[in-house]
Amino acid sequence: MNRSPHPPLGASLDTADSAWTSRAVGYAVVLLLLGLSYGLCAAQPSSDPSPWAFLAMLVTVAIVFRVTRARALVQRVVWVVLSTAGAAALVATFLGTGTPALAVALSAASMVALLVAPWAIIAHQVTRRGLDVEALLAAITAYILVGMFFAFVYNLASQFLSEPLFTGTDKDSLGDQLFFSFTALTTTGYGNLIPDGPGMQAVAVAEGITGQLFLITAVARIMRGASAQRATPTPV
């Protein structure tokens, strides 16, 4: 009996069980690493990025690249940037020679990592059809990565500001920046942290809009996947 060619990128569980399982587990590992990175960043008493959190981000990006099968050229360029920053951070940490320039470099490199990773996930998921655990984990992972990306946008800005980023605070901390980023992304808006100045307020507005657009797109993706599953005939 002749079989039709398999659809690309594990479009159905029946045709790519092993690939689906490995990708789903990969996204689960990425979520665990993001939790570790968040904890290390939130524990920072200042706005200086944590070198150990950055190393966790490097591993996160590596797994995302493997799961999404990102293009080789993109991987090489990103790895050159991130590896250079990671090596500098490790040397400075062990020698105890942290400088403002290193904090800026780590913050900028973290932004690169947290921008490339969700982009790779989204680019990979738009080529898939069907609703499964992988699709749900991918959407959650990308959403969290976007929130952390904006946190480092605030963090990088704070490295150049002479005054605290938020009104009514004595000093900036990476934990506050992370907390504010996710309240802005989810449009929760507790109101305990307010960006000072029109520039940072504009970034917060952009993040809120991004969060809503992402949710709309994710829901559409899930509904499309569910519809595709219902429309797929069951093989006899």
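Which backbone nitrogen does a side-chain oxygen of Asp132 reach at the start of α5? That would be the backbone nitrogen of Glu134, with the oxygen coming to within 3.2 Å of it. Keep in mind that you're looking at a predicted model, with a mean pLDDT of 80 for the chain.

**Confidence**
- In this chain, 80% of the residues reach a pLDDT of 70 or more.
- Helix α6 (residues 174-185) comes out highest, at a mean of 93, while helix α3 (residues 72-95) is lowest, at 73.
- Watch out for residues 3-19, where the pLDDT is below 50. Beyond near neighbours in sequence, that stretch has 14 contacts in the model.

**Helix α5**
- Helix α5 covers residues 133-158, which makes 26 residues.

**Helix α2**
- The same check works for α2 (residues 51-68): its 18 residues should span 26 Å, and its end C-alpha atoms are 26 Å apart.
- Its buried residues include Pro51, Ala53, Phe54, Met57 and Leu58, as well as Val61, Val64 and Phe65.
- Just after α2, Arg69 takes a positive phi of about 55°.

**The nonpolar cores**
- The largest nonpolar core has 43 residues, and among those touching the most other members are Cys41, Leu114, Met148, Phe152 and Phe180.
- Helices α1 (17-42), α2, α4 (100-125), α5, α6 and α7 (198-231) each supply at least two residues of this core, and α5 gives the most, with 15.
- Apart from this core lies another, of 12 residues, including Phe54, Leu58, Val61 and Leu106.

**What the UniProt record says**
- An unreviewed UniProt entry lists residues 20-40, 52-68, 77-95, 101-123, 135-157 and 200-220 under "transmembrane region".
- In the model, residues 135-157 are 100% helix and 0% strand, with end C-alpha atoms 33 Å apart.
- Residues 200-220 are also 100% helix and 0% strand, and there the end C-alpha atoms lie 30 Å apart.

Notes
Residues numbered from 1 in each chain as written. Heavy atoms only, no water. pLDDT = per-residue confidence, 0-100. Helix = DSSP H or I, 4+ residues; strand = E, 2+ residues; numbered from the N terminus. Contact = heavy atoms within 4.5 Å. Expected span 1.5 Å × (residues − 1). Buried < 20%, exposed > 50% of the residue type's maximum accessible area, 1.4 Å probe, protein only. UniProt positions renumbered as here; feature names shortened; annotations may be inferred. Polar contact = N/O pair within 3.5 Å; in protein donor to acceptor, adjacent residues only side chain to side chain. Core = buried A, V, L, I, M, F, W, Y, C linked by side-chain atoms within 4.5 Å.
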